[in-house]
Amino acid sequence: MSYLLIGNISALICNDCIEPLANARIRIYLPDNRYQEEPQANGIFNDMKPLSAKEVLMKADRLLAETSLDEKGNFCLSWEEVHLFTEPLELDLCLDQMPGRNGSRQPRNFHLSKLVLHWKRNSNGYVGAYAYVIPAVTWHNIYSHAGAWVITGVVKNHLGGEGQPHLKVEAYNALTGRLLGRAATNEEGRYYLHFSRQQVVRGMGPFIIPGLKNLGPDFFFKLYKHDLLLWEEDERISQSRERRDVAPCSNINIIYRPSRVRRASSQIGNWFSEMITLTVIRKKKSDKYRLLTSPSLF
């Protein structure tokens, strides 16, 4: 008999926003009969337990199956029957890199749970499912230790309605004016913007600003549509509470007002400037013409 396990592993950025764990790896281990008295995990709501490299190495001989998660955090793995379906299995997670491929790159291993999965019998063997959502506090700490940030939110027009898809969002460090990161909004108008500590300190020299809790930047947004600037914030917004020293995991919605008045004013200003220039040129030509044709000169 063969076993097929499908599932999903994601993390809470905030209470109402989930980030899939793209490219993470899930490992399935056979039970360790030496520690049967150890209490088993009860459900999917237990906090993850960090594992050292030594702990991972010591259980390598019990590894049953391993696979990588796709961009949505989904996984599918199978193995041949080498244990009883009533036996508990151990599930571990490995983050070789943070989502968005930012932050320090190093293996981060965690024990998810030890539990008896609910298997369903079919003609080919047993099929089971497993899902885990990393709590927001735990995910925040992982991001912090990795020196990485994720900012998410929904982009909406000030007139209301649904989120705006296919827009480009850029975030800028207000202190240096440098680009922190860019992202595109999905069909629901949500963006996921990732950047690392290297991008935060770039251009700031060796100075450390005292009083920062998260060591995050003060920042402001720009929006683009078809590579044309649609809207940009006043840099002074970076001094507001939600934009200063941004936390590693933050949810910030963007409500924008297209700068039509500003663009129109700019066009009118350019038109006036061109008219003044043309008037001056024409006046000079007219004066020159009158000077050349004046009777007093002949």
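**Figure 1. Strand S3 and its two partners.** Strands S3 and S7 (residues 89-95) run antiparallel and are joined by five bridges. Here, helices (H or I, at least four residues) and strands (E, at least two) are DSSP runs, numbered from the N terminus. Two strands count as paired if DSSP finds at least two bridges between them. The model is predicted: local features need pLDDT of at least 70, side-chain atom pairs count only at pLDDT 80 or more, and totals for chains, interfaces and linings use all residues. Residues are numbered from 1 along each chain as its sequence is written, and side-chain values use heavy atoms, with hydrogens and water left out. S3 itself spans residues 25-29 and is mostly covered, with four of its five residues buried. Buried means under 20% relative accessible area, exposed over 50%, and partly exposed in between (1.4 Å probe, protein chains only).

**Figure 2. The loops on either side of S3.** Asn23 is found in the loop between strand S2 (17-20) and S3. Its phi is near 70 degrees, a positive value in a residue other than glycine. Asn23 is partly exposed, because its relative accessible area is 40%. Asp32 is found in the loop between S3 and strand S4 (49-51). Is Asp32 buried or exposed? Asp32 is buried, because its relative accessible area is 9%. Leaving aside neighbours within four places in sequence, Asp32 is in contact with Arg62 and Glu90. Contact means heavy atoms within 4.5 Å.

**Figure 3. An open sheet of four strands.** The strand order is S13-S12-S15-S16, with antiparallel pairing. The edge strands are S13 (179-184) and S16 (228-232), and each pairs on one side only. On average, neighbouring strands of this sheet are turned by 25 degrees against each other, direction ignored. Axes are lines fitted to C-alpha atoms, for helices over the stretch in contact, and angles run from 0 to 180 degrees between N-to-C directions. In general, strands of a sheet pair through backbone hydrogen bonds, either parallel or antiparallel.

**Figure 4. Strand S12 and its neighbours.** S12 (residues 168-173) is mostly covered: five of its six residues are buried. Six bridges tie S12 to S15 (residues 219-225), and the two run antiparallel. In S15, Phe220 is the bridge partner of Tyr172, and Phe219 is that of Asn173. S12 and S13 also run antiparallel, joined by five bridges. In that pair, Ala171 stands opposite Gly181. S12 and S13 form a hairpin with five residues between them. In the turn, Gly177 has a positive phi of about 80 degrees.

**Figure 5. Helix H2 and its buried side.** H2 covers residues 136-146, and its buried residues are Thr138, Trp139, Ile142, Tyr143 and Ala146. They lie on the same side of H2, because they cover an arc of only 135 degrees around the axis. The arc is that of the directions from the helix axis to the C-beta atoms. An α-helix has 3.6 residues a turn, so residues three or four places apart point the same way. The face of H2 turned away from the buried side carries the exposed residues Val137 and His145. Just after H2, Gly147 takes a positive phi of about 65 degrees.

**Figure 6. Asn157 and its surroundings.** Asn157 lies in strand S11 (residues 148-157). Asn157 counts as buried because its relative accessibility is 16%. A polar contact of 3.0 Å joins its side chain to that of His158. A polar contact is a pair of N or O atoms within 3.5 Å; within protein, one must be able to donate a hydrogen and the other to accept it, and residues adjacent in sequence count only if both atoms are side-chain atoms. Which residues are in contact with Asn157, leaving aside its neighbours within four places in sequence? They are Gln164, Ile255, Tyr256 and Pro258.

**Figure 7. Asp245 in its loop.** Asp245 sits in the loop between S16 and strand S17 (249-251). Asp245 is not a glycine, yet has a positive phi of about 50 degrees. Asp245 counts as buried because its relative accessibility is 13%.
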